[in-house]
Amino acid sequence: MIIFGTKGYLYQLAILTLVCGQCGNPSAHTLRKRVTKFTLFFVPLFPVSTKYATQCTFCGAEQKVTREQAEQLRAQATAGGPGGQQPYGQPQQPYRS
């Protein structure tokens with residue numbers, strides 16, 4: 001018997017101050033990376049998919065961003081650019097898909 005499946009990981013990369021496209025408020029946005037990994041016997045082996053998104057902390061709206069956009073936003077946060085704070089890299093609680 002072979003046991004296999006997937007497991008999701010959610011990483012918070014940075015917190016930025018941006019104007020929300022949904023509510024129009026200048027508020028903090030979290031830049032997040034979701035990685036889904038293939039598991040064999042409950043051991044994560046390799047990533048199957050990686051997705052990036054920003055989420056408004058005011059209204060909760062989430063917007064998908066490309067990898068390039070995520071890297072630019074993270075560089076902006078690292079450099080202490082407009083509204084940027086120190087980046088994060090520790091995973092949050094795993095999410096279930």
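Start by selecting A14, then look across to L31 in β2, which stands opposite A14. Strands here are DSSP runs of E with at least two residues, helices are runs of H or I with at least four, and both are numbered from the N terminus. Before going further, keep in mind that this is a predicted model: local features need pLDDT of at least 70, side-chain atom pairs count only at pLDDT 80 or more, and totals for chains, interfaces and linings use all residues. Residues are numbered from 1 along each chain as its sequence is written, and side-chain values use heavy atoms, with hydrogens and water left out.

Now widen the selection to β1 and β2, which pair in the antiparallel sense over 15 bridges; strands count as paired if DSSP finds at least two bridges between them. Next, show the whole sheet: it is open, has 4 strands in the order β1-β2-β3-β4, and its pairing is antiparallel. At the edges you'll find β1 and β4 (62-65), each with a single partner strand, so one side of each has no neighbour in the sheet. From one strand to the next, the twist averages 30°.

Touching, or contact, means heavy atoms within 4.5 Å. Zoom out and you can trace the pattern β-β-β-β-α along the sequence.

Next stop: T39, in strand β2 (residues 26-40). Is T39 buried or exposed? It counts as buried because its relative accessibility is 9%; buried means under 20% relative accessible area, exposed over 50%, and partly exposed in between (1.4 Å probe, protein chains only). Leaving out residues up to four places away in sequence, T39 touches I3, F4, G5, T6, K7 and P44.

For contrast, pick M1, in the segment before β1 (4-19). M1 is exposed, with a relative accessible area of 87%.

Of its 97 residues, 27% count as buried. Among contacts between residues at least 6 apart in sequence, 53% join residues at least 24 apart.

Note on methods. Axes are lines fitted to C-alpha atoms, for helices over the stretch in contact, and angles run from 0 to 180 degrees between N-to-C directions.
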